[in-house]
Amino acid sequence: MKKRAFPGINTVLKKIYIVLIFIFLYAPILTLIVLSFNSSKTRAKWGGFSFKWYILLFSNRDIMEALSTTLSIALLSSAIATVIGVCTCVGLRKMKSTSRSVIIGVTNIPMLNADIVTGISLMLLFLSIGMKFGFGTILLSHITFNIPYVILSVMPRMKNLNTPVYEAALDLGASPIYAFFKVVLPELLPGILSGFLLAFTMSLDDFIITHFTKGAGIDTLSTKIYTEVKKGIKPEMYALSTIIFVSVLILLILVNKPEKAAKDDVAPPQPVVIP
Amino acid sequence: MKNKSRLLSGPYLFWAISFIIIPFCMIFCYGLTDKSGNLTLANILSIATSEHSKALSLSIELSLIATAICLLLGYPLAAILAHMKNSSGVIIFVFILPMWMNFLLRTLAWQTLLEKTGVINTVLSALHLPTINIINTSGAIVLGMVYNFLPFMVLPLYNSLTKIDENVLNAAADLGANAFQTFYKITLPLSVPGIISGITMVFVPALTTFVISKLLGGSKILLIGNVIEEQFTQAGNWHLGSGLSIVLMIFIIINMLLSAVFDKDGEGSVL
């Protein structure tokens, strides 16, 4: 296909192009990794190789607290969003097409809307009902923007669901709930899993919505970095993000490897995509 | 199960009304009233003041440039990736991976790279090439936008390009179309959902960003996102901030309508 589209471009040029984009995307990451080993405290100069920020990181209470807030919000919000999202998808199947498209339309609002508008709108809601800003408001906001990711990951699986198998289970005397857990859920599982992972990552990486809904005294890693921008980022932060990046890299390599073997699956497993 | 299972979407319905619909209406409530609660259009009309309209037009200009660059860089990339059948999974993975590092830190890293005595200029001057000076200019902001949002362009394009049936392309070739005709008459029209979706995915966050301009534009360049953010976090004028958000939402809604018209089946979606 490609060959016909751009006949002049040969394989070498294509490879060079990919490598150039690759450098563009990875140069900042390499910079951060290098900075995490820089023994000088400022970004501006290289003070020699050192592991000291990695050691200091674990005794930095602020960063560790922000890390645990970030992780607990990501875990809780994605788990709750997954449960609500899967229930919604099951419910949507039996709905009239008009009410279904209304719900899908509403689901698209936080996906297509600007984060700043979503953040502001939630902030105004919490303000007007007099809710105290803190962990609770961040969690509610994260669940809100995570549910659409789960629904959109599970929906395609739901559409391709093998209904006769479910009906056969019912005919053979399984209760609807038993049949759901034995037949429907295993078929949905890959979609549920990728929805959960997607939601987890979106929550982990979110800054803008958290910025507007967090209140004083609580910080996630993103908002902590933002407040540090003016004073200068603590090098421990580089060390932490290097650790996170490298562990995710290793994890993804391990997770994606067996997928190759299962390539001839009916519905191909969705790659873990983090927009 | 038939009737009862419908109730399962109840919790989400409740959730969507309380946390999506009502907050959405709140912006209009605040944007259309003043501090004493009287109905007014002043908040929305304040977009016409020179400070605000300058910020808005600069935002539109920069985000259009960034979207165009993303499309120009992303289309060939997506086409190359779509053609590489076996390795595409790995390569897509490689292009997505940067998103796992905090986006504020990644954007900050560009400061280190772009600074007057930064990495890029050190390399350039070592090679006796002219140095570049774009940190704290709108150029740096555009670069930050392209850097952060390029994957949002590539993924929908890749999705729609891989869905094109090879047989259609073969048929075109058999009927005597040359490469350019095939691309122009078949590949391009069939990838329109991906293009539209990609443009939406890049344009909206680029138009509304306040982080990238703050990190790479110094403190001198104000985008409309910065103006709105300041109203909420510093000036404490939520009414004005909401009014300006309504103006911003007009652009977002146009974008949503565009993607609804051109991408009915969600073909070019990121997922």
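**Conventions**

This is a predicted model, in which local features need pLDDT of at least 70 and side-chain atom pairs count only at pLDDT 80 or more, whereas totals for chains, interfaces and linings use all residues. Residues are numbered from 1 along each chain as its sequence is written, and chains are lettered from A, with ligands numbered from 1, in the order in which they are written.

**The nonpolar core**

B:Phe149, B:Ala78 and B:Val202 touch the most other members of the largest nonpolar core, which has 128 residues. Such a core is a set of buried Ala, Val, Leu, Ile, Met, Phe, Trp, Tyr and Cys residues joined through C-beta atoms within 7 Å. A residue is buried if 20 or more other C-beta atoms lie within 10 Å of its own, exposed if 12 or fewer, and partly exposed in between, with C-beta atoms placed from the backbone. H7(B) supplies the largest share of this core, 16 residues. Chain A also takes part: domain 1 (1–60 + 235–275) and domain 2 (61–233) of chain A each give at least three residues to this core. These domain bounds come from an automatic or database domain assignment.

**Chain B as a whole**

Now colour chain B by secondary structure. Chain B has 13 helices and 0 strands; helices (H or I, at least four residues) and strands (E, at least two) are DSSP runs, numbered from the N terminus. The C-alpha atoms of chain B fill a box of roughly 75 × 70 × 35 Å along the principal axes. Of the 271 residues in chain B, 47% are buried. Among contacts in chain B with a separation of 6 or more, 74% join residues 24 or more positions apart.

**An enclosed helix**

Select helix H12 (residues 224–233) of chain B. H12(B) is largely enclosed by the rest of the structure, because 7 of its 10 residues are buried. The buried residues are B:Ile224, B:Gly225, B:Val227, B:Ile228, B:Glu229, B:Gln231 and B:Phe232. Their cover includes helix H6 (115–128) and H10 of chain A, as well as helix H3 (50–83), helix H10 (192–208), helix H11 (211–216) and helix H13 (238–262) of chain B.

**A loop with positive phi values**

Move to the loop between helix H6 (119–126) and helix H7 (138–162) of chain B, where B:His128 lies. Most residues other than glycine have a negative phi. The phi of B:His128, however, is positive, near 60°. B:His128 is exposed, with 6 other C-beta atoms within 10 Å. B:Asn136 is also placed in the loop between H6 and H7 of chain B, and its phi is positive, near 65°. B:Asn136 is partly exposed, with 18 other C-beta atoms within 10 Å.

**The interface**

Display both chains. Here 81 residues of chain B are in contact with 71 residues of chain A. On the chain B side, helix H1 (residues 10–31) gives the most, with 13 residues. That side has 62 nonpolar, 14 polar and 5 charged residues. Ala, Val, Leu, Ile, Met, Phe, Trp, Tyr, Cys and Pro count as nonpolar, Asp, Glu, Lys and Arg as charged, and the others, Gly among them, as polar.

Next, select helix H4 (residues 61–93) of chain A with H1(B): they pack at an angle of about 115°, with their axes 8 Å apart. Axes are lines fitted to C-alpha atoms, for helices over the stretch in contact, and angles run from 0 to 180 degrees between N-to-C directions. A:Ile84, A:Cys87 and A:Thr88 of H4(A) meet B:Pro11, B:Tyr12 and B:Trp15 of H1(B).

**Chain A and its confidence**

Chain A has 12 helices and 0 strands, and 39% of its 275 residues are buried. The average pLDDT of chain A is 84, and 89% of the residues score at least 70. Residues 260–275 of chain A have a pLDDT below 50. Where pLDDT is low, the predicted coordinates should not be read in detail.

Technical notes. Contact = placed C-beta atoms within 7 Å. pLDDT = per-residue confidence, 0-100.
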